[in-house]
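Please look through the sequence and the 3D structure below before reading on.

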Amino acid sequence: MIGSIGPACTGCGACIASCPKSCISMEERELGHMYPVVDEQMCVGCGACLRACHAARPFEQGAFEGRAFAVQAIDREILEDSSSGGAFSLLAAEVLLANGVVYGSRWKRGEGASHVRVTAPGGLDALRRSKYVQSDTTGIFGLVKGDLAAGADVLFVGTPCQVAALKAFLGSDSENLVTVDLVCHGVPSSAFFEDYLLWFEKKTGKSLIEYNSRDKVAAGWSYLGSYRTEAGPRSALPVDDPYVLTFNQSATFRRCCYACPYAGARRVGDITLGDFWGVERLHLGVDLDGGVSVALANSKKGLNFLNRACANSAFFKEVRFDDAARSNANLTRPSSLPSEREEFADAYAAGGFPAVASLAARRYKKEILKSRFKRAVPTSIKRLVKGAV
Ligand SMILES: Cc1cc2nc3c(=O)[nH]c(=O)nc-3n(C[C@H](O)[C@H](O)[C@H](O)COP(=O)(O)OP(=O)(O)OC[C@H]3O[C@@H](n4cnc5c(N)ncnc54)[C@H](O)[C@@H]3O)c2cc1C
Ligand code: SF4
Ligand code: SF4
Ligand code: SF4
């Protein structure tokens, strides 16, 4: 039964959706992460949960066998509203043009991040930009199955484990389905993120009316996002923000993230999207301030679709995989488990997010100084140095 999955569980919820006795529910554990538990009294031992679980099947890593591209959407509005080069929006527009369906992650205050079904361009805005928190996929895989059975074209975007979970749930591939996995650093829980927002409001004494994990307009094309309170304009998050710090240091991720089988050159989706960090080294002649996506076509279907969506709507140039992966560690290996993770888990259990914030300020003094220094150096100089390497 699914109890045997242990720390490899990614919390996808496919076991819950497949249980004929509805006897699996989620329970909160360390750092707010949710894990399935079985009501032993009701379980009939049918094994459907294990059969639907992607974590029960090995995903072997291997060499990259696809093709890699640099992508930047021509449409400046889309580009501004996207995390990197806006590749996701181009893929989504292509599917909606054919009356298809797009599945991606939306975040709402109080509800957290969750996957939703979108059928019109107006719905795409909520999906744009990365949310640096686990997105809930409960009930979503059944909807995808229904759309495919009705003959609709479907684009599913998520972390690699979510794509693997969908594939395991469906059991077989469909010509109408294009899957997109993101290069993934790891995920904190929704509960942890909500606690952080409450801490943030208490600290500033102001209510948040907007929060973005990534925001190019306020913070440039970087790992930083933005916030807006009722009292001011949209501002970049500070480099000593404890959520940003603990995310970048991989201190609060779900346990499975530190041994993620999908973090490597062999990808689970038809297409992979990420930030093309280090693209300045390639001197491609693309506007670097606008942000650039790396797009990997991992299957023939993925390559055809990527070509259709990007050839006329984007700066679209083939590159070598090694160049794409050079500054993007999670294209070759999972995030390392830091020695301080237990300390953060204990701090959160004992004192909630305020205790995490104090620990981060003490623990990450050097990293804060380094980030301050990096932010103080003009981007043009940083690029000049990197471009010369
Ligand atoms: C948790 C997380 C960690 C990441 N880590 C890295 C990294 O280490 N290196 C790297 O190169 N790229 C990473 N990315 C991917 C990167 O941030 C961009 O999503 C990617 O470059 C695509 O950008 P875009 O401009 O094409 O699209 P965007 O407009 O930014 O589109 C975002 C897409 O991602 C989906 N999405 C957003 N948040 C989530 C979420 N929490 N869970 C599942 N799907 C989500 C949306 O549904 C949408 O389809 C990460 C993304 C996430 C969500
Ligand atoms: S990985 Fe998904 S299907 Fe497997 S046990 Fe965890 S929640 Fe259930
Ligand atoms: S073995 Fe069958 S009844 Fe028991 S939890 Fe799994 S799916 Fe549900
Ligand atoms: S690091 Fe791996 S296990 Fe963790 S959320 Fe990303 S894809 Fe899933």
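## Briefing on a predicted model

Helix α4 is mostly covered, with 8 of its 11 residues buried, where buried means under 20% relative accessible area, exposed means over 50%, and partly exposed lies in between (1.4 Å probe, protein chains only). This is a predicted model, in which local features need pLDDT of at least 70 and side-chain atom pairs count only at pLDDT 80 or more, while totals for chains, interfaces and linings use all residues. Residues are numbered from 1 along each chain as its sequence is written, chains are lettered from A and ligands numbered from 1 in the order in which they are written, and side-chain values use heavy atoms, with hydrogens and water left out.

**Helix α4**

- The buried residues of α4 are A87, F88, S89, L90, L91, A92, V95 and L96, and the names of helices (H or I, at least four residues) and strands (E, at least two) refer to DSSP runs numbered from the N terminus.
- Just after α4 comes N99, which takes a positive phi of about 60°.

**Around ligand 1**

- Ligand 1 has 35 residues around it, of which S83, S84, S105, S130 and N328 come nearest; a residue is counted as near if one of its heavy atoms lies within 4 Å of the molecule or strand in question.
- The shell around ligand 1 contains 11 nonpolar, 19 polar and 5 charged residues, where Ala, Val, Leu, Ile, Met, Phe, Trp, Tyr, Cys and Pro count as nonpolar, Asp, Glu, Lys and Arg as charged, and the others, Gly among them, as polar.
- At least two residues of this shell come from each of α4 (87–97), β4 (101–108), β6 (154–158) and β11 (271–275), and β11 gives the most, with 3 residues.
- Polar contacts are pairs of N or O atoms within 3.5 Å; within protein, one atom must be able to donate a hydrogen and the other to accept it, and residues adjacent in sequence count only if both atoms are side-chain atoms.
- An oxygen atom of ligand 1 lies 3.0 Å from a backbone N or O atom of F88, a nitrogen atom of ligand 1 lies 2.9 Å from a backbone N or O atom of V183, and a polar backbone atom of H185 is 3.2 Å from a nitrogen atom of ligand 1.
- Of the 890 Å² of accessible area that ligand 1 has on its own, the protein covers 98%, with areas taken from the Shrake-Rupley method with a 1.4 Å probe and, for residues, only the protein chains shown counting as cover.

**Around ligands 2 and 4**

- The residues around ligand 2 are I2, C9, T10, G11, C12, G13, A14, C15, P36, C53 and H54, and this shell divides into 7 nonpolar, 4 polar and no charged residues.
- P160, C161, C184, G186, V187, C256, C257 and C260 surround ligand 4, and by class they are 7 nonpolar, 1 polar and no charged.

**The largest nonpolar core**

- The largest nonpolar core has 32 residues, of which F193, Y196, Y211, L237 and F353 touch the most other members; such a core is a set of buried Ala, Val, Leu, Ile, Met, Phe, Trp, Tyr and Cys residues joined through side-chain atoms within 4.5 Å.
- Two or more residues of this core come from each of α7 (190–204), β8 (208–212), α9 (242–248) and α12 (341–363), and α12 gives the most, with 9 residues.
- The core lies between domain 2 (67–187 + 253–331) and domain 3 (190–252 + 339–388), because both give residues to it; the domain bounds come from an automatic or database domain assignment.

**Single residues in loops and helices**

- S213 sits in the loop between β8 and α8 (216–219) and is buried, with a relative accessible area of 12%, while a polar atom of its side chain lies 3.1 Å from the backbone nitrogen of Y132.
- Most residues other than glycine have a negative phi.
- S250, in the loop between α9 and β11, has a positive phi of about 60° although it is not a glycine, and S250 counts as buried at 5% relative accessibility.
- H283, in the loop between β11 and β12 (293–297), has a positive phi of about 50° although it is not a glycine, and H283 is exposed, with a relative accessible area of 60%.
- V356 lies in helix α12 and is buried, with a relative accessible area of 0%.
- F373 lies in helix α13 (residues 365–376) and counts as exposed at 60% relative accessibility.
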